[in-house]
Amino acid sequence: MLSNLKQAWKIKDVRRKILYTLMMIVIFRIGCTIPVPGVNRDIIKGMVDGNGLLSLYNMFTGGAFSNFTLFALGISPYITASIIIQLLTIGFPSLEELQKSGEEGKKKINKYTKYTALGLAIVQAIGITLGIVRRALQTDSVFFIVTVIVTLISASMLLMWMGDKITEKGLGNGSSVIIFIGIISRIPKDITQSISQFESGSVGLWVLIVMAVVSLLTVAAVTYIQEATRKIPVQYAKRVVGRKTYGGQNSHIPMKVNQSGVIPVIFASSLLAFPQTIAIFMGKDAQAFVTKFLSPSGEPGFWIYLVIEVVLIIFFSYFYTTISFNTEDITNNMKNSGGFIPGIRPGNPTMDYLNRILSRLTLAGALFLAVIAVIPSIIGKFTGVHLSLAGTSLLIVVGVALELKRQLESNLVMRSYQGFLK
């Protein structure tokens with residue numbers, strides 16, 4: 001790993017990407033430390049500590065929400081907007097055509113996503129300011145409230161722009177990198193809190209050891225599943241053109257066990273946080289209902305929340321895999337190139353065979369993601385130890401780290417390949 005980093009630093013283009021990504025990360029962390037003036041942060045911290053959904057939301061923002069800094073709204077409006085637009089592509093053929101129409105279509109869809117994110121940011125900023133943190137505002141003047149709302153919206157749009165720029169000019173998916181940095185920034189606080197709990201006697205040493213072992217096993221398991229691939233053998237028929245023979249070689253189709261990565265976990269977490277925002281506009285009764293039945297801090301909300309999270313993870317795993325791995329296109333390309341899977345007829349039988357394998361692999365990957373996401377929550381409920389870097393957050397961290405590693409390696413291979421003509 002160190003040799004790869006050293007080699008990457010020597011390549012000008014890769015070094016520029018690394019420095020650009022680091023610059024955006026620094027800006028993000030600076031924004032997470034600049035507080036919104038006129039807000040009592042002690043009140044907000046008290047609300048976050050007693051609410052499971054707000055704690056999860058605070059984790060994704062890197063603690064910016066509990067400190068009510070510029071990036072308190074985070075990048076969640078953009079993530080939720082991406083979910084909505086991708087779901088709409090199923091019901092609206094025009095959006096589906098745009099998605100398949102190349103780079104121009106993707107630009108239009110990205111524009112629709114940004115407009116939707118702006119609308120959601122407005123709704124969430126108003127809801128958070130007038131609902132969740134209203135008691136923490138030191139003045140009720142209209143000008144001050146509007147200023148806070150506009151600040152949250154503007155900072156969220158800036159964060160969305162930074163994510164796009166990281167994707168375009170840096171390393172990795174910008175939104176995932178921002179969430180990744182927000183999560184790992186909480187590690188020092190978690191370690192300090194665990195040590196304090198151990199010294200005060202509220203948590204035993206064996207509990208900390210169990211949590212550490214579970215975290216290490218989760219990292220190993222996530223890495224293994226993320227890299228696990230089933231290779232479908234493909235054989236190409238020989239063709240004689242003039243005096244030359246083409247084809248006849250053997251290849252394979254790589255089908256990953258977890259084709260969708262950590263996207264289902266991020267989507268499920270973002271979607272589960274949405275009812276909290278809606279409840280803000282419906283009064284205290286609605287907020288109490290959501291906290292009791294749709295929050296990990298409620299009872300029986302804890303179990304209902306976990307069940308819904310598992311269902312959403314499985315749904316988004318199948319949904320995203322269907323979008324990213326088109327078996328019909330693969331089948332047609334194989335048929336046009338004279339390729340076939342041994343023992344399977346070309347055409348529809350090949351497509352059915354690939355769909356069947358893909359469905360089984362996706363189910364295995366989705367169940368794995370769901371188990372890893374909920375087990376630490378169950379352990380935390382019965383042991384009293386809650387770590388930010390566990391379950392959902394650990395899945396995201398490991399998944400994004402592996403994706404960054406793959407992108408860095410692909411950049412190295414691309415720049416190191418000299419080609420036939422030097």
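Hi everyone. Before we start, one definition: helices here are DSSP runs of H or I, at least four residues long, and they are numbered from the N terminus. Please also keep in mind that this is a predicted model.

With that, let's go to the loop between α4 (52-60) and α5 (76-91), where you'll find phenylalanine 68. Its phi is near 45°, which is a positive value in a residue other than glycine. Is phenylalanine 68 buried or exposed? It is buried, because its relative accessible area is 0% and the cut-off for buried is under 20%.

Now for the rings. The count comes to 4 aromatic pairs. In one of them, phenylalanine 65 and phenylalanine 68 have ring centres 6.4 Å apart and planes at 65°, so the pair is edge-to-face. Phenylalanine 65 is buried too, at 1% relative accessibility.

Phenylalanine 315 and phenylalanine 316 also make an edge-to-face pair, with 5.2 Å from centre to centre and 65° between the planes. Phenylalanine 315 is partly exposed at 40%, while phenylalanine 316 is buried at 2%. Ring pairs join these two and Phe319 into a cluster.

Last stop, the surface. Phe198, Leu205, Ile209, Val213 and Leu217 form a nonpolar patch there, and together they have about 460 Å² of accessible area. Which helix gives the most to the patch? That is α11, residues 205-227, with 4 residues. Leucine 217 sits in α11, and it counts as exposed because its relative accessible area is 57%, with the cut-off at over 50%.

Methods
Residues are numbered from 1 along each chain as its sequence is written. This is a predicted model: local features need pLDDT of at least 70, side-chain atom pairs count only at pLDDT 80 or more; totals for chains, interfaces and linings use all residues. Side-chain values use heavy atoms; hydrogens and water are left out. Patches are made of residues with over 30% relative accessible area and no salt bridge: like charges are joined within 9 Å, nonpolar side chains (Val, Leu, Ile, Met, Phe, Trp, Tyr) within 5 Å. Accessible areas come from the Shrake-Rupley method with a 1.4 Å probe; for residues, only the protein chains shown count as cover. A salt bridge is a side-chain nitrogen of Lys or Arg within 4 Å of a carboxyl oxygen of Asp or Glu. Helices (H or I, at least four residues) and strands (E, at least two) are DSSP runs, numbered from the N terminus. Buried means under 20% relative accessible area, exposed over 50%, partly exposed in between (1.4 Å probe, protein chains only). Rings of Phe, Tyr and Trp (its six-membered ring) pair if their centres lie within 6.5 Å; planes under 30 degrees apart count as stacked, over 60 as edge-to-face and the rest as tilted.
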